[in-house]
Amino acid sequence: MSGGGRRLQRTLSGCFVALLLFVGTAQAMDWRAHQGTTIRAMFSKGALGSALESFLPDFEQQTGIKVVFETFPEDQFRQKVLLELAAGTGALDVYWTFAANEGLKFWRSGWYEPMEAYLNNPNLTDPTYDLADFSRKAVQGNMYDGKLIGLPLHQNTSMLYYRKDVFAQHKLKVPQTLQELEAAATTLHKADAGGQPLAGIVMRGKGAAATSQWAPFFLSLNGSWLDEQGKPGVNSPQAMQAFDLYGRLLRNAGPPGVVNYHWYETVSLFTQGKAAMFTEANIRMPLLEDATKSQVAGKVGYALFPAGPAGRKPTMEVGSVAVSSKSKKKEAAYLFAQWITSKDVALRLQMKGIPVPRTSAWKDSRFLAAMKEHPDWIEASQRSLDIADTNYNPPVVAVSEVRDAVGAAIVSSILGENVKAAADKAAAEMAAIMEKTEKK
């Protein structure tokens with residue numbers, strides 16, 4: 001780790017301890033202090049959004065606050081949130097955010113409402129909230145300039161999903177290394193499964209959307225988004241290895257048209273029983289095990305992301321709920337953010353297979369009983385979160401623009417084009433983007 005990295009780590013650690021002390025006083029609060037208020041929330045469509053929407057009647061009954069809850073497919077969601085916040089009208093009160101994606105840009109734009117004053121207000125924060133119950137990585141990952149920009153809601157980590165029945169049929173062991181992953185994908189590609197040929201593996205191939213799934217390959221091959229001088233590292237030898245491997249896997253053992261695959265398409269193909277493996281965030285498990293919609297429910301195995309020369313480097317994403325700094329109903333919005341990140345709601349999410357950053361939820365006997373059919377998912381998730389690298393996105397201000405540049409290189413590799421030329425182009429574009437956006 002560089003000297004700057006160590007200083008940042010010490011600073012974040014100090015802020016984390018201070019924040020725990022900051023919210024340590026237990027006093028009474030009134031959940032109905034803002035009854036009659038209507039707030040507007042925006043989240044991404046998916047298992048998380050659906051679960052939270054189903055919980056809304058409980059929140060509204062407890063608080064008297066009405067929630068207008070809007071969900072959109074992820075790419076559309078990100079565009080809508082950006083437009084809403086940039087407009088500065090205050091029409092949006094609370095929203096889902098990934099600090100490692102848009103965090104630095106949103107923070108410097110002044111769109112996040114810092115949480116400390118609310119957490120320290122005994123009239124607004126339930127004494128049982130217990131910030132110390134959150135994982136340190138989850139809290140630290142939501143801090144900028146010593147300020148907490150959102151309350152941790154869920155945490156995802158990359159893992160390997162595989163068909164247990166197919167692996168047993170072909171007498172294959174679960175891949176432990178990237179080399180073994182490619183060998184298994186090659187062996188299983190076009191293998192017969194119930195009368196239909198399988199894709200050996202499916203992963204995201206749709207440009208920018210693929211970067212977060214390419215990242216653990218990149219990191220496991222000892223890559224780094226930035227070199228020691230802070231310049232783009234996406235055309236390093238390790239990056240070119242990662243581009244080549246990712247592209248080769250999908251080109252030689254993936255489904256047709258994979259360059260159009262976001263996570264929705266990868267999950268759809270896998271649940272239809274048309275792929276032997278895929279790598280994705282562990283939050284996808286509930287979709288695979290829904291017997292009413294998935295043809296592979298009960299047939300899926302869950303494993304750690306395979307190791308490369310740098311060891312196992314699964315990545316970790318922390319999704320949080322943030323209050324808009326432009327909201328005219330900040331306290332009501334905070335009550336909603338607090339409620340959906342509480343211990344009770346965290347356990348409800350966890351029991352639906354949506355991984356949360358609260359230690360208590362992972363240890364709760366009710367969760368363990370509910371997930372008794374999937375002990376490998378629990379084990380793989382916990383081990384992965386313990387060692388996960390939070391750099392699933394480039395640590396820059398203009399994350400979306402850099403993801404577009406890197407995503408274009410991923411697509412080029414999948415299509416069998418010149419990897420070095422694509423990586424050099426991505427690095428040049430990343431450097432130009434950073435030159436325009438990194439200066440405060």
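What volume does the second largest pocket have? In this predicted model, the second largest pocket has a volume of about 760 Å³. Its lining is made of 41 residues, and those closest to the centre are Glu 74, Asp 75, Arg 78, Asn 101 and Arg 403. Several elements each give at least two residues to this lining: helices H2 (47-63), H3 (74-87), H4 (99-109) and H18 (399-414), together with strands S3 (94-98) and S6 (151-163). H3 provides the largest share, with 7 residues. By class, the lining of the second largest pocket holds 18 nonpolar, 11 polar and 12 charged residues.

Searching the whole structure gives 1 cavity of 30 Å³ or more, and the volume of the largest cavity is about 30 Å³. The residues that line the largest cavity are Thr 157, Ser 158, Gln 213, Glu 280, Ala 281, Thr 315 and Glu 317. At least two of the lining residues come from S6, and at least two from strand S9 (277-281). This cavity lining consists of 1 nonpolar, 4 polar and 2 charged residues.

We now turn to helix packing. Two packed helices are described by the angle between their axes and by the distance between those axes. The axes of H9 and H18 come within 10 Å and cross at roughly 70 degrees; H9 and H18 are therefore roughly perpendicular to each other, as angles of 65 to 115 degrees are counted that way. On the H9 side, Thr 211, Ser 212 and Trp 214 meet Arg 403, Val 406, Gly 407 and Ile 410 of H18. This contact has 3 nonpolar, 3 polar and 1 charged residues. Arg 403, in this contact, is also one of the residues closest to the centre of the second largest pocket.

H9 (residues 211-220) also packs against helix H10 (residues 237-253), at an angle of about 125 degrees and with the axes 9 Å apart. That angle makes H9 oblique to H10. The crossing of the two helices is right-handed. From H9, the contact uses Gln 213, Trp 214, Phe 217 and Phe 218; from H10, it uses Gln 238, Ala 239, Ala 242, Phe 243, Leu 245, Tyr 246 and Leu 249. These residues divide into 9 nonpolar and 2 polar, with no charged ones. Trp 214 takes part in the contact with H10 and in the contact with H18, while Gln 213 belongs to the contact with H10 and also lines the largest cavity.

Definitions and conventions
Residues are numbered from 1 along each chain as its sequence is written. This is a predicted model: local features need pLDDT of at least 70, side-chain atom pairs count only at pLDDT 80 or more; totals for chains, interfaces and linings use all residues. Side-chain values use heavy atoms; hydrogens and water are left out. Axes are lines fitted to C-alpha atoms, for helices over the stretch in contact, and angles run from 0 to 180 degrees between N-to-C directions. Helices (H or I, at least four residues) and strands (E, at least two) are DSSP runs, numbered from the N terminus. Angles under 35 degrees count as roughly parallel, over 145 as roughly antiparallel, 65 to 115 as roughly perpendicular and the rest as oblique. A crossing is left-handed if the near helix is turned anticlockwise from the far one by less than a right angle, and right-handed if clockwise. Contact means heavy atoms within 4.5 Å. Ala, Val, Leu, Ile, Met, Phe, Trp, Tyr, Cys and Pro count as nonpolar, Asp, Glu, Lys and Arg as charged, and the others, Gly among them, as polar. On a 1 Å grid over the protein atoms alone, a cavity is a set of points where a 1.4 Å probe fits but cannot get out, and a pocket is an open set with protein on both sides within 12 Å along at least five of seven lines; lining residues have an atom within 4 Å of a point. Grid points are joined across faces, edges and corners, and a volume is the space filled by probe spheres set on the points.
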